[in-house]
Amino acid sequence: MKFMRLALAVLLALSLAGCGLANKKEETFTVGMEAAYQPFNWQTSKKTDTSVPLEGGAGYADGYDVVMSQKIAKALGKKLVIKKISWDGLSSALNSGEIDAIIAGMTANKEREKGVDFTTPYYQSEMVMIVRKDSPQASYKSIQQFTGQKVMGQKNTNYDTVIDQIKGVKHQTPKATYPELVLALQNKDADAVPAELPVANGIVKANKNLAIVHFDKNKGFDIDTSVSIGLKEGTRGSDNFKQIQKALDSISQKERLKIMEDAVNRAPSTN
């Protein structure tokens, strides 16, 4: 009888421990991002009011996405955890349960929506080009003026697919990260690289030899430049999805613009 009681006690303790671990996991909001895409997100060694420790002790993450993640986690009553994951690995990490959300400047296009459920956009931008400041391209007003020139984008992003809207363009092999694109542009391996305006603002602020090309009405790229939060496929009707959407909706447009402005101003010169 004593043995049976002891066995039951052990099983109860293990059960309670398991529940404790489950509850601990539920108390966290784990977000995946590249931490290499300023001003949306970047990696830093500095602990600040806006930075969050990266899981694994590899420094901190900061940027627009980080601040938005902090606000959403606070609204959910959960502790924010940030995981640095390569762009190509974000969707699989989400659907395997490694992360709870992708908040990484990701646009909800048709291809991605096959494997990810997206919230409404949390930022809307403009697609521009970054060029060398002393180049002829700096005065362009239409994407078609880049005909016959070397344009390079980031692999598996809209920055790469939009390039083919330019007739006769020399579409260069894409790079894995945006810092590599900036280096290619500065080394003259590319004449231009597409970017969303906040990204371009941050890059040009840090690199005075580069400039932004804005396009005249109906002369630019035909592309959706909004970015949304990615959540696990098949969860759109769940309480979790609705709670995250509600938390996002509570952040006003004015506040979102201010968060981005601040992120651009504090973004480092290099990643």
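Me: Which strands form the open sheet, and in what order?

Reply: Keep in mind that this is a predicted model. In general, strands of a sheet pair through backbone hydrogen bonds, either parallel or antiparallel. Here three strands line up as β12-β9-β13 in an open sheet, and the pairing is antiparallel.

Me: Why is one side of β12 and of β13 left without a neighbour in the sheet?

Reply: Each of them has a single partner strand, because β12 (193-196) and β13 (210-213) stand at the edges. Ignoring direction, neighbouring strands in this sheet are turned by 40° against each other on average.

Me: How many bridges pair β9 with β12?

Reply: Four bridges, in the antiparallel sense, with β9 covering residues 127-132. To find your place in that pairing, look at I130, which stands opposite V193 in β12.

Me: Which helix lies across β9, β12 and β13?

Reply: That's α5, residues 178-186, and it runs at about 135° to β12.

Me: Now the helix pair: at roughly what angle do the axes of α2 and α7 cross?

Reply: Roughly 120°, with the axes of α2 (residues 64-76) and α7 (residues 239-249) coming within 9 Å. Angles of 65 to 115 degrees would count as roughly perpendicular and those over 145 as roughly antiparallel, so α2 and α7 are oblique to each other. The crossing of α2 past α7 is right-handed.

Me: Which residues make the contact?

Reply: From α2 you have M68, I72, A75 and L76, and from α7 Q243, I244, A247 and L248.

Conventions
Residues are numbered from 1 along each chain as its sequence is written. This is a predicted model: local features need pLDDT of at least 70, side-chain atom pairs count only at pLDDT 80 or more; totals for chains, interfaces and linings use all residues. Side-chain values use heavy atoms; hydrogens and water are left out. Two strands pair if DSSP finds at least two bridges between them. Helices (H or I, at least four residues) and strands (E, at least two) are DSSP runs, numbered from the N terminus. Axes are lines fitted to C-alpha atoms, for helices over the stretch in contact, and angles run from 0 to 180 degrees between N-to-C directions. Contact means heavy atoms within 4.5 Å. Angles under 35 degrees count as roughly parallel, over 145 as roughly antiparallel, 65 to 115 as roughly perpendicular and the rest as oblique. A crossing is left-handed if the near helix is turned anticlockwise from the far one by less than a right angle, and right-handed if clockwise.
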